[in-house]
Amino acid sequence: MTTKFETGSVVTGKVTGIQPYGAFVALDEETQGLVHISEITHGFVKDVNEHLSVGDEVQVKVLSVDEAKGKISLSIRATQEAPAEQPAVAKKPRRQGSVKPAAAEETTPAGFNTLKDKLEEWIEQSKREDLIKK
């Protein structure tokens, strides 16, 4: 492995392989590194293939060089400007052990029976003579 790639440097590389956990990027003819899935872009990445393809040229920042193991960690995200934060909807923080109000239990979505409702129905069914097996 060569020591010409230093931590913190930004270089251009070519995507040579894609795995579920990230993408391999060739930095030169004999050196390649890994861009972990978490370092591909800002935000959540479910599938690397949605962001990169084999053969793509990308700007990467060298995060670390492990000479002993022969591994180079890279980041595409570190070369991009972070997106502007969007205003978050104000939510009340929920305290540990807090209980929802009782009114919330009584409003159930249409088509969904609560266990309480079903229990009453089952009790009524158990009393019907035509359903009791003899």
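Visitor: What joins strand 1 to strand 2?
Guide: A hairpin does, passing through two residues. Keep in mind that this is a predicted model.

Visitor: How do those two strands pair, and over how many bridges?
Guide: Strand 1 covers residues 10–19 and strand 2 covers residues 22–26. They pair in the antiparallel sense, over five bridges.

Visitor: Which residue in strand 2 is the bridge partner of Ile18?
Guide: Ala23 is. Gly17 has its own bridge partner in strand 2, Phe24.

Visitor: Phe24 has a ring. How many aromatic pairs does the structure hold?
Guide: One. It is made by Tyr21 and Phe24, with ring centres 6.3 Å apart.

Visitor: Stacked or edge-to-face?
Guide: The planes stand at 90°, so the pair is edge-to-face. The cut-off behind that label is an angle over 60 degrees.

Visitor: What is the relative accessible area of Tyr21?
Guide: For Tyr21 the value is 40%, so Tyr21 counts as partly exposed. Phe24 has 24% and is also partly exposed. The reasoning rests on a cut-off: buried means under 20%.

Visitor: Moving on. What comes between strand 2 and strand 3?
Guide: Five residues, and the two strands form a hairpin. Strand 2 and strand 3 run antiparallel and are joined by five bridges. Gly22 stands opposite His36 of strand 3 there.

Visitor: Where does Asp28 sit?
Guide: In the loop between strand 2 and strand 3.

Visitor: Zoom out for me. What pattern does the chain follow along the sequence?
Guide: It reads β-β-β-β-β-α-α. That is five strands and two helices.

Visitor: And what do the five strands form?
Guide: A closed barrel. The strand order is 1-2-3-5-4, and the pairing is mixed. Neighbouring strands of this sheet are turned by 50° against each other on average, ignoring direction.

Visitor: Which strands pair in the parallel sense?
Guide: Strand 3, residues 32–36, pairs that way with strand 5, residues 71–75. Two bridges hold that pairing. In one of them, Leu34 has Ser73 of strand 5 as its partner.

Visitor: How does strand 4 pair with strand 5?
Guide: Antiparallel, over five bridges. Strand 4 spans residues 57–66. Bridge partners include Lys61 with Ser75, and Val62 with Leu74.

Visitor: What lies between strand 4 and strand 5?
Guide: Four residues, in a hairpin. Gly70 is in the turn and has a positive phi of about 70°.

Visitor: How many bridges join strand 1 to strand 4?
Guide: Five, and these strands run antiparallel. Val11 has Val60 as its bridge partner in strand 4.

Visitor: Back to Leu74. Buried or exposed?
Guide: Leu74 is buried, with a relative accessible area of 1%. It belongs to strand 5.

Visitor: What does Leu74 touch, leaving out residues up to four places away in sequence?
Guide: Among its contacts are Val25, Leu27, Gly33, Leu34, Val35 and His36. Glu39 is also one of them. From strand 4, residues 57–66, the list includes Val60, Lys61, Val62 and Leu63.

Visitor: How far apart are the C-alpha atoms of Leu74 and Leu34?
Guide: They are separated by 5.6 Å, while the two residues are 40 apart along the chain.

Visitor: What share of contacts in the whole chain joins residues at least 24 apart?
Guide: 55%, counting contacts between residues at least 6 apart in sequence.

Visitor: What percentage of the residues count as buried?
Guide: 22% of the 134 residues of the protein chain.

Visitor: Give me a quick recap of the barrel.
Guide: Five strands, closed, in the order 1-2-3-5-4. Strand 3 and strand 5 pair in the parallel sense. Strand 1 and strand 2 pair antiparallel, and so do strand 4 and strand 5. Strand 2 and strand 3 run antiparallel, as do strand 1 and strand 4. Leu74, in strand 5, is buried.

Definitions and conventions. Residues numbered from 1 in each chain as written. Predicted model: local features only at pLDDT ≥ 70, side-chain atom pairs only at ≥ 80, totals over all residues. Heavy atoms only, no water. Pairing = 2+ DSSP bridges. Phe/Tyr/Trp six-rings, centres within 6.5 Å; stacked < 30°, edge-to-face > 60°. Buried < 20%, exposed > 50% of the residue type's maximum accessible area, 1.4 Å probe, protein only. Axes fitted to C-alpha atoms, helices over the stretch in contact; angles between N-to-C directions. Contact = heavy atoms within 4.5 Å.
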